[in-house]
Amino acid sequence: MMAKKPPKPAPRRIFQERLKITALPLYFEGFLLVKRSEYQEYKHYWTELRGTTLFFYSDKKSPSYVDKLDLIDLTCLMGQNSTEKNCAKFTLVLPKEEVQLKTENTESGEEWRGFILTVTELSVPLHVSLLPGQVIRLHEVLEREKKRRIETERTLSSAMEKEKESTEDYADVLSPMPACFYTVSRKEATEMLEKNPSLGNMILRPGSDSKSYSITIRQETDMPRIKHYKVMSVGKNYTIELETPVTLPNLFSVIDYFMKETRGNLQPFIYSTDVTLGETTTEGRRARQEKNLHTA
């Protein structure tokens, strides 16, 4: 049989233990008789409304809850006629179940109804029979819940943004650079192209600052000429600084642009790891064969 007097609040030690389980703010608490869809009969719980979740404890001194019910998707709260004297009954209608609640008296029932509707609808219900002081508490809880929701959304948005940035950074690390990219200086790129004409005539290299790249090409016209083009990183795109700047989505597209614009006359400078720079492929192979022969 339920106690007639309002239960005393849980001791501070128990309150602190429950805070370790959830950081949700405590808005209201008391005894409730609860009947969920899987229950055969009502179960007697000390209940806490934290945020938009009901936490059920076997008694008010238990540090851990035995069940909980998220009310964020509450469809409606329906009152029920009770044949029991001084007893309030109502049903919480959720998308996947209906939960029946029974309180020790009608006043407690009105309080539970008021707090549940306030946090789920984010407005203080008009049709509740509560004293002015109790209504003031509802308004205070409403402001706390609104603030909690805003802070939660802000935290989630920040976390998602960080995760997105982390994913993008990780993708950047995994994304290979064009095969003709070499970490060389302007002078070194020029020497590579001049000494190894058979390996290609276009090199992508780091620019003068961390936000740019450069394209070094060797053109065969009347006489070989070396040219350099700056490629700026702008947001997620890359802009080739020409008389009419050209913006492309990635460095692969930059290389393709030069190849297409010259009808294939410009080709990426690519050498195999077993080819020594400064030598043609045939010359390098012959040199290694001779070296291996002498060391055999």
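## Charges over rings

The structure is a predicted model, in which local features need pLDDT of at least 70 and side-chain atom pairs count only at pLDDT 80 or more, while totals for chains, interfaces and linings use all residues. Residues are numbered from 1 along each chain as its sequence is written, and side-chain values use heavy atoms, with hydrogens and water left out.

## The chain and its confidence

Of its 296 residues, 38% count as buried, where buried means under 20% relative accessible area, exposed over 50% and partly exposed in between, with a 1.4 Å probe and protein chains only. Among the contacts (heavy atoms within 4.5 Å) that have a separation of 6 or more, 42% come from residues 24 or more positions apart.

The mean pLDDT, the predictor's confidence in each residue from 0 to 100, is 82 for the chain, and 79% of the residues score at least 70. Among the elements, strand β12 (residues 246–248) has the highest mean, 95, whereas helix α6 (residues 281–295) has the lowest, 43. Across residues 274–296 the pLDDT is below 50, and this stretch has 17 contacts in the model beyond near neighbours in sequence.

## Aromatic pairs

A search of the whole structure finds 11 aromatic pairs; rings of Phe, Tyr and Trp (its six-membered ring) pair if their centres lie within 6.5 Å, with planes under 30 degrees apart counted as stacked, over 60 as edge-to-face and the rest as tilted. One of them joins Tyr 213 and Tyr 238 edge-to-face, at 6.1 Å centre to centre and with 65 degrees between the planes. Because Tyr 213 belongs to strand β9 (residues 212–220) and Tyr 238 to strand β11 (residues 237–240), the pair ties together parts that are 25 residues apart in sequence. Tyr 238 is buried, with a relative accessible area of 17%.

Tyr 257 and Phe 258 also form an edge-to-face pair, with 5.9 Å between the centres and 90 degrees between the planes. Tyr 257 is partly exposed at 22% relative accessibility, whereas Phe 258 is buried at 6%. Elsewhere, Phe 28, Trp 112 and Phe 115 form one aromatic cluster.

## Helix α2 and what follows

Helix α2 covers residues 106–121 and, over its 16 residues, reaches 22 Å from the first C-alpha to the last, close to the 22 Å expected (the expected span being 1.5 Å times one less than the number of residues). It is mostly covered, with 13 of the 16 residues buried. At its start, a side-chain oxygen of Asn 105 comes within 3.3 Å of the backbone nitrogen of Glu 107, and the helix is followed by Leu 122, whose phi is positive, near 55 degrees.

Arg 113 has its place in α2, and its side chain reaches the backbone oxygen of His 127 at 2.6 Å. Leaving aside neighbours within four places in sequence, Arg 113 is in contact with Leu 77, Phe 90, His 127 and Val 128. Leu 126, in the loop between α2 and α3 (132–174), is exposed at 76% relative accessibility; its C-alpha is 9.0 Å from that of Gly 114, which is 12 residues away in sequence. In helix α3, Glu 143 is partly exposed, with a relative accessible area of 48%.

## Asn 201 in its loop

Asn 201 lies in the loop between α4 (186–195) and β8 (202–206), and at 15% relative accessibility this residue counts as buried. A polar atom of the Asn 201 side chain lies 2.8 Å from the backbone oxygen of Asn 265. Apart from neighbours within four places in sequence, the contacts of Asn 201 are with Leu 193, Thr 216, Ile 217, Arg 218, Asn 265, Leu 266, Gln 267 and Phe 269.

Key:
Helix = DSSP H or I, 4+ residues; strand = E, 2+ residues; numbered from the N terminus. Polar contact = N/O pair within 3.5 Å; in protein donor to acceptor, adjacent residues only side chain to side chain.
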